Amino acid sequence: MNELQAKRICRKRLTTAVKVASMIGFCCSFSSFRGGGVVAARSSTNAIYKVRGGVGRSPYEFNPNYIAPGNNNNNNNKTPPPPPPPTLGDLERTQVFSSRMHVETQRYDESYGEKERPSTLGRVKAYAQRIHQMSPSLSIVTAVCMFVFVLWQVPSFQGTLSRNFVCNRTNLQQGRWLSLLFAAVSHASPMHLLVNLFAYLNFGPKVLGTLQTTNWPLFPLVMGSALAGSVLYLVRNIRGGCMGLSGVTLSFLAFLARAYPNHEMAFVLLVFPIRLKAEILLRCLLVWSLIGSLSNQGSVAHITHLGGLLFGMGYYEMWRERHRLRGMLSRVRSLIPTIQRDK
């Protein structure tokens, strides 16, 4: 056996010894974890510093020339040799565990056993706070939708709500222009409300994350898509009315589809799960909404959906051409003082 092979064998044995000692330390720390973090750390590190050298010679790393600091058994010489420098094991034993500055005492019962899980109400409250911190446009619209739906269940409020929270020509002719916007937060059934809010809170944070990269707001998209859907509905329908947040949620979907056309979106059609690329899904929704708007049959306001989709696509184009749009606005602002001086 040559010298190179001997070195390889020694290195391999040393590596195996370190792994075995680490496993012993881990087992010791795991078995004493319930008793406290100090015992666990002391058990695991004892095994480590024995391997690294120090008091208590390790069978894995025996060093016959090692003399512990303060222990000099050489009495033959009148002048004892200076003590050897401490090993890493000595430093860990004397400095870390004597001061206990790097050891965190932690009891299992205090950290995990007695910690109560948050209640359902607490989880809902935490989620609402997180949504509100993310964007008030998401939280306020959600809260208003639920509040208006509760009011619809009270017969004494239904007359007021039908005059102010439904988009129809009668309300518009009587001067209630805000009904074009308020109709978006009004819903006819619990399923109508849940589906729209689910889509609104699912797509909304994604759209917001994209817009925040350039400090663009979210509320113009929410208000604009609601107004676009209501206006198109009144243009197409002489009688009847519409309500719901579906135009806004579809504007979110259209914005995401234009921003990430290759992203796959999953949805359920009747009982069949379907996955499509966002751009293909947007085209299918446009065709479906256009056909439904032309036929004008059923209880679904397809023309409102079409208005939301178109506004979402337009808002994305505005966001993509934001630098050119800001340049145009700055030039218009610079022309205003010149026009005023000419007058």
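**Charged pairs**

Modeller: Arg320 and Glu321 join their side chains in a salt bridge, at 3.8 Å from N to O; the term stands for a side-chain nitrogen of Lys or Arg within 4 Å of a carboxyl oxygen of Asp or Glu. This is a predicted model, in which local features need pLDDT of at least 70 and side-chain atom pairs count only at pLDDT 80 or more, while totals for chains, interfaces and linings use all residues. Residues are numbered from 1 along each chain as its sequence is written, and side-chain values use heavy atoms, with hydrogens and water left out.

Biologist: Which residues do salt bridges with shared partners join into one network?

Modeller: The network consists of Arg258, Glu279, Arg283, Glu317, Arg320 and Glu321. Within it, Glu317 bridges to Arg320, with the closest N and O atoms 2.8 Å apart.

Biologist: How many residues apart in helix H14 are Glu317 and Arg320?

Modeller: The general idea comes before the case. An α-helix has 3.6 residues a turn, so residues three or four places apart point the same way. Glu317 and Arg320 are 3 residues apart in H14, about one turn of the helix. Helices are DSSP runs of H or I with at least four residues, strands are runs of E with at least two, and both are numbered from the N terminus.

Biologist: Are Glu317 and Arg320 buried, exposed or in between?

Modeller: Buried means under 20% relative accessible area, exposed over 50%, and partly exposed in between, with a 1.4 Å probe and protein chains only. Glu317 is partly exposed at 25%, and Arg320 is partly exposed at 43%. Glu321 has a value of 29% and is also partly exposed. Arg258, found in helix H12, is partly exposed at 26%.

Biologist: How many salt bridges does a search of the whole structure find?

Modeller: The search finds 6. One of them pairs Glu264 with Arg275, whose closest N and O atoms are 3.3 Å apart. Glu264 lies in strand E1 and Arg275 in strand E2, so this pair ties together parts that are 11 residues apart in sequence. Glu264 is partly exposed at 43%, whereas Arg275 is exposed at 56%.

**The hairpin**

Biologist: How many bridges join E1 to E2?

Modeller: Strands pair if DSSP finds at least two bridges between them. E1 (residues 264–269) and E2 run antiparallel and are joined by 6 bridges. Leu269 has Phe272 as its bridge partner in E2, a strand covering residues 272–277.

Biologist: Which residue in the hairpin takes a positive phi?

Modeller: Most residues other than glycine have a negative phi, and most peptide bonds are trans. In this hairpin, with 2 residues between the strands, Leu270 has a positive phi near 60°. Asn215 also has a positive phi near 60°; its place is the loop between helix H10 (190–212) and helix H11 (219–236). Asn215 is exposed, at 70% relative accessible area.

Biologist: Which residues form a nonpolar patch on the surface?

Modeller: Leu269, Leu270, Val271 and Phe272 do, with about 490 Å² of accessible area together. Phe272 itself is exposed, at 54%.

Biologist: Which residues do ring pairs link into a cluster?

Modeller: The cluster holds Trp216, Phe255, Phe311, Tyr315, Tyr316 and Trp319. The buried residues of H14 include Leu306, Leu309, Gly312, Tyr315, Tyr316 and Trp319.

Biologist: How many Å separate the C-alpha atoms of Arg258 and Gly312?

Modeller: They are separated by 8.9 Å, although the two residues are 54 residues apart along the chain.

Conventions:
Phe/Tyr/Trp six-rings, centres within 6.5 Å; stacked < 30°, edge-to-face > 60°. Patch = residues over 30% accessible without salt bridge, like charges linked within 9 Å, V, L, I, M, F, W, Y side chains within 5 Å. Areas by Shrake-Rupley, 256 points an atom, 1.4 Å probe, with all protein chains shown as cover.
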